[in-house]
Amino acid sequence: MTAVSEHQVSPRDDELVRALAAPDDTEIAQLDAWWRANNYLTIGQIYLRGNPLLREPLTPEHIKPRLLGHWGTSPGLSLIYAHVSRLIRRTGQQAIYLAGPGHGGPALVAAGYLEGTYSEIYPQVSQDEPGMLRLFRQFSSPGGIPSHVSVTTPGSIHEGGELGYVLVHAFGAVMDNPDLLAIAVVGDGEAETGPLEGSWKGISFINPERDGAVLPILHLNGAKIAGPTVLARKDPAEVRSLLGGHGYEVIEVEGGDLPGMHYRFAAALAEAWGRIREIQRAARSGEWNGERPHWPLIVLRSPKGWTGPDKVDGIQVTGTWRSHQVPLSGVRENPEHLAILERWLRSYRPEELFDAVGTPAATVRDLAPEGDLRLSASPHANGGRLTRDLDIPDFRDYAIDVPRPAGQRAESTRKLGELMRDIYTRNPDRFRLFCPDETNSNRLGAVFEVSDRGFMERVTPEDVKISRDGRVMEVLSEHNCHGWLEGYTLTGRHGMFATYEAFAMVSASQTVQHGKWLQEAKHLPWRSQVPSFNVLLTSTAWRNDHNGFSHQGPGLIQVVLTQRGDVARVYLPPDANTLLSVADHCFRSRSYINLIVIDKQPQVQYLSMDEAVAHCARGAGIWDWAGTDDGTSDPDIVLACAGDVVTMETVAAAQILRQRLPGLRVRVVNVVDLMTLVRQKDHPHGMSQTMFTELFTDTVDVVFSFHGYPGAIHQLVHGRPDADRFRVRGFIEQGTTTTPFDMTVRNKVSRYDLVLDAINNSKRLPRGATELKAWCEAQLARHEAYVVEHMEDMPEVRDWTLGDQAQQG
Ligand SMILES: Cc1ncc(C[n+]2csc(CCOP(=O)(O)OP(=O)(O)O)c2C)c(N)n1
């Protein structure tokens, strides 16, 4: 069967839908056999370390010492998988499968095994008895595979460990992916999470002309770990109106009877697929009125732990929360439980499902689609295979002319907006910006010159740059933005998530989880590298003076720093040209979390494009023009900085020292790539010890002004020579609604504080130091009075630049 291709609208769809809706006896037998085989392999993975085909009676020696895994969700996941496989086989539909309850890992691993993909990737896990034993033994075992639908699982782009993200990943995967159908199974427990609740809105952003489709399947198996779920206990009419209110056409399937459920689920899936094809056909053949379609959604009510032991020790298990993990415990010690397990395994009639050598029997194998159409083999779920490089214009063409350092101000992120505008134009099918309603606010609005915001709900004449054709993704949900970009990049496309710095913490957990995914993927040669996850943090702590304390939080840097060096990258470009250089690098990179932090307000510009490129290539460097260090011997003090506002304060502090204490040898070091501070053995970007010494010396005290929390720098320079000499200033949670300069004063990184720090920590103090300290303290006092009186900063700091003095040294 060939794949359904873009714009192909087959007149046979109606016919196909009818056939799909009414499986014949052979198909029912195939579906059931596949399902039984998958359930058998799921239980085998949870329990068995020997006797995989039950060729002999089960004994305690055949049972794993630690019983780990989740049974409850697995039979439902497998039933859906079987039916989707049949659909693919009959229609050629390209599809991926995302299991929201990713703890049903053994079911998805088993499916890949039955489809043969698993053995293709991991030949030692062969489709025979020894291979099956390996499959069982490796699951949740040391040296084996994790228990969830993790990176090691072929066909997965969604681990489902941290619940709540299945729909956001699915929607991201289908954007600009017109041929793809993403089957997204939502757990009813998962549906209680904030991110999942917010993610039903995905259909308000999916354009059937150029995007693929998501088919959510709400798996109402009634229970979570230890109790009932909200949606399962609601009146079904309420569930229908909730989902209908989001714009879905709800199709319901309920029961635990067999083969009745096969017939009913097949009919439901056929109806859903037919509806999706009809929506796409209309949209792609010009028959669409442009209104947001009512996409289908299946509500599947089936018993948790379906087909498992009904009661154990007289207590109901199937259909309850008790089946969530391992429904039978103490199997090695409890002969009765051992007997129940054996009966349970034999109830699937393994002798019919696997041949004499343990290979899946023809009835089972025949259900699976072929080649890349297998859910476990879809190239969409190994997105690096489909990734095409971005066509990026020369970032140098967007340079700001910087004739002398710190002589002018500009909004740096505007330049990035211009670069992204042209990336949009050159890559109409593989680049998107995701932003929680702040594209303009973040000065990235140039993208609107070439693309609207994508939006499928009603558009009114007052709306600006909003249409169904738009591809700038704005939804006021960091979870949605983050998750969509994850789905988009994991399926091989490129993008950026731009957000207010403080609210990046809303989705910080997603950053962590995605970082884990990328880290693990690096160890699997069969997983192709995907475009990096680029995060732009703008509207930063230092310049959220107008919004106040709630908007002042540089926490995400801390989060990314703790991730492993093979994925974590943090950049703090101080100006436009360094931002452009960093962004170009990030857009070209693969499989990293790239965190770029720069504010959107007009800010001092330091480097010409050539200087910026060289500076970014090194990651950190001495700014001779800012200091008084002649390079012939160690300076008296090093003023280091990372981050735009603190860099300005540092350069201003160095200027004060140059003018008022000219005998003090001051070196200014700026760090763009934060990870260069780390030892080489701890991070691939770590600078050599020689370079570290060249910048920071081995003995001179360093006053380091950092954009984020000061502890981060201590963490990064740990192990460098005499790391205690680093005096770090940074954000110390002193914030409010105030003036920009007052933010630096409150957090003790103002130029006056830095001069005081320099004097207090310098090895040698030229004459005049005491007077200068007094002057700085007077300036700080003056500032305090001035801002209260005038409600704005003192003119000398408000409009500060080095002006013409930049080159005077
Ligand atoms: C965000 C998050 N919170 C808590 C958990 C712990 N947890 C794992 S499974 C589970 C219950 C899931 O219930 P449901 O989504 O209905 O899945 P199913 O019943 O199909 O297993 C919970 C709470 C988690 N994995 N993620």
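The model is predicted, so local features need pLDDT of at least 70 and side-chain atom pairs count only at pLDDT 80 or more, while totals for chains, interfaces and linings use all residues. Residues are numbered from 1 along each chain as its sequence is written, and side-chain values use heavy atoms, with hydrogens and water left out.

Asp 698 is found in the loop between α22 (689–696) and β21. Helices (H or I, at least four residues) and strands (E, at least two) are DSSP runs, numbered from the N terminus. With a relative accessible area of 33%, Asp 698 is partly exposed; buried means under 20% relative accessible area, exposed over 50%, and partly exposed in between (1.4 Å probe, protein chains only).

Next, select strand β21 (residues 702–706), which pairs with β22 in the parallel sense over 4 bridges. Two strands pair if DSSP finds at least two bridges between them. Within this pairing, Val 702 has Phe 726 in β22 as its bridge partner.

In which order do the 5 strands stand? The order is β18-β20-β19-β21-β22, in an open sheet with mixed pairing. At the edges are β18 (620–622) and β22 (726–729), each of which pairs on one side only. On average, neighbouring strands of this sheet are turned by 20° against each other, direction ignored.

Select β18 with β20: they pair in the antiparallel sense over 3 bridges, and the bridge partner of Ile 622 in β20 is Val 669. Then show β19 beside β20; these strands run parallel and are joined by 5 bridges. Here Cys 641 stands opposite Asn 670 in β20. From β19 the chain crosses through α21 to β20, and this β-α-β crossover is right-handed; that is, with the strands pointing away from the viewer, the path from the first strand over the helix to the second runs clockwise.

Helix α21 (residues 644–660) lies across β19 (637–642), β20 (666–671) and β21, and runs at about 155° to β19. Axes are lines fitted to C-alpha atoms, for helices over the stretch in contact, and angles run from 0 to 180 degrees between N-to-C directions.

Are the residues of β20 buried or exposed? In this strand, 6 of its 6 residues are buried. Val 666, Val 668 and Asn 670 point one way, and Arg 667, Val 669 and Val 671 the other way.

**Rings**

A search of the whole structure finds 26 aromatic pairs. Rings of Phe, Tyr and Trp (its six-membered ring) pair if their centres lie within 6.5 Å; planes under 30 degrees apart count as stacked, over 60 as edge-to-face and the rest as tilted. Select Phe 434 and Tyr 488: their centres are 5.8 Å apart and their planes at 65°, so the pair is edge-to-face. Because Phe 434 lies in strand β9 (residues 431–435) and Tyr 488 in helix α16 (residues 478–490), the pair ties together parts that are 54 residues apart in sequence. Both Phe 434 and Tyr 488 are buried.

Finally, select Phe 692, Phe 696, Phe 704 and Phe 726, which ring pairs link into a cluster.

How values were computed. Contact = heavy atoms within 4.5 Å.
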